[in-house]
Amino acid sequence: MRDQIVAGNWKMNNDQHETQTLLTELKNHNKPENVRVMVAPAFTQLSQSVSLLADDAITVAAQNMNAAASGAYTGEVSSSMLKGVGVKTVILGHSERRSLYHENNASLADKVNSALEAEMEIIFCFGEQLEERKSNRHFDVVKAQLSEALFSLPTSAWSQIVLAYEPVWAIGTGETASPAQAQEMHAFIRKLIQDQYNETLAQEVAILYGGSVKPGNAQEIFSMEDVDGGLIGGASLNANDFMAIVNAF
Ligand code: PEP
């Protein structure tokens, strides 16, 4: 049985006061025992969030990290800094990091290796652009993203990896991949892992869907055989919406 996971990517939202308010609201909701729930606040709110959630099942992830252990990287944060404030999971490869900060499959492979060395869990994001889907290249793009960043890893590394398929055209746009489109891609991804590694591993890796998941569409998407949960942007900023998604399995 694979993990079922719902992770909220807060992006550059929520100051100290707003973080306290949202986390307090989230703590007041009942959580299903069979779903892992995570939130990813901004770097400045990580320590506060870990403390506030110390007595709750929700765990805290970071939205990014640098591949280097330390050094002259102005504005950057390392894995040991994250672990030092109690964060054990990091989101890598989000489409906004790829498009706005020029992250690519090679630089992400370095970040993945660094996070693995630090024994962190990784939520690895990838997905095609709208033109790539329209020109029917979405399977090739996803295959290249996974092959170049992840498929040199040993089988043992995969116990620390969660995949998040996020078609770029569905992120923050209100446009969602249909449940059938999500299932088709997730099944394709599982087959890639089976071909590269083995069937057991392919069946064990959790694959999340991300892209305009809301309370109204989560249940249908999560009911797909190869969809193991969601990475949620906009809807994770509202406690009722986020918890409705968490409870949509
Ligand atoms: C995201 O940023 O990972 C995301 C899925 O955003 P949204 O849910 O707002 O589309």
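The shell around the ligand comprises, by class, four nonpolar, eight polar and two charged residues, where Ala, Val, Leu, Ile, Met, Phe, Trp, Tyr, Cys and Pro count as nonpolar, Asp, Glu, Lys and Arg as charged, and the others, Gly among them, as polar. This is a predicted model, in which local features need pLDDT of at least 70 and side-chain atom pairs count only at pLDDT 80 or more, while totals for chains, interfaces and linings use all residues. Residues are numbered from 1 along each chain as its sequence is written, and side-chain values use heavy atoms, with hydrogens and water left out.

In total, 14 residues surround the ligand, the closest being Lys11, His94, Glu166, Gly172 and Ser212; a residue is near a molecule if one of its heavy atoms lies within 4 Å of it.

| Residue | Part of the residue | Distance to a ligand oxygen atom |
|---|---|---|
| His94 | side-chain N or O atom | 2.8 Å |
| Gly172 | backbone N or O atom | 2.6 Å |
| Ser212 | polar backbone atom | 2.7 Å |

Of the 290 Å² of accessible area that the ligand has on its own, the protein covers 98%, with areas taken from the Shrake-Rupley method and a 1.4 Å probe.

Turning to the aromatic rings, the count comes to eight aromatic pairs, a pair being rings of Phe, Tyr and Trp (its six-membered ring) with centres within 6.5 Å, stacked if the planes are under 30 degrees apart, edge-to-face if over 60 and tilted otherwise. Phe124 and Phe126 form a stacked pair, 6.2 Å centre to centre with 25 degrees between the planes, and both residues are buried, that is, under 20% relative accessible area. The rings of Phe126 and Tyr165 have centres 6.2 Å apart and planes at 45 degrees, so this pair is tilted.

Methods. Polar contact = N/O pair within 3.5 Å; in protein donor to acceptor, adjacent residues only side chain to side chain. Buried < 20%, exposed > 50% of the residue type's maximum accessible area, 1.4 Å probe, protein only.
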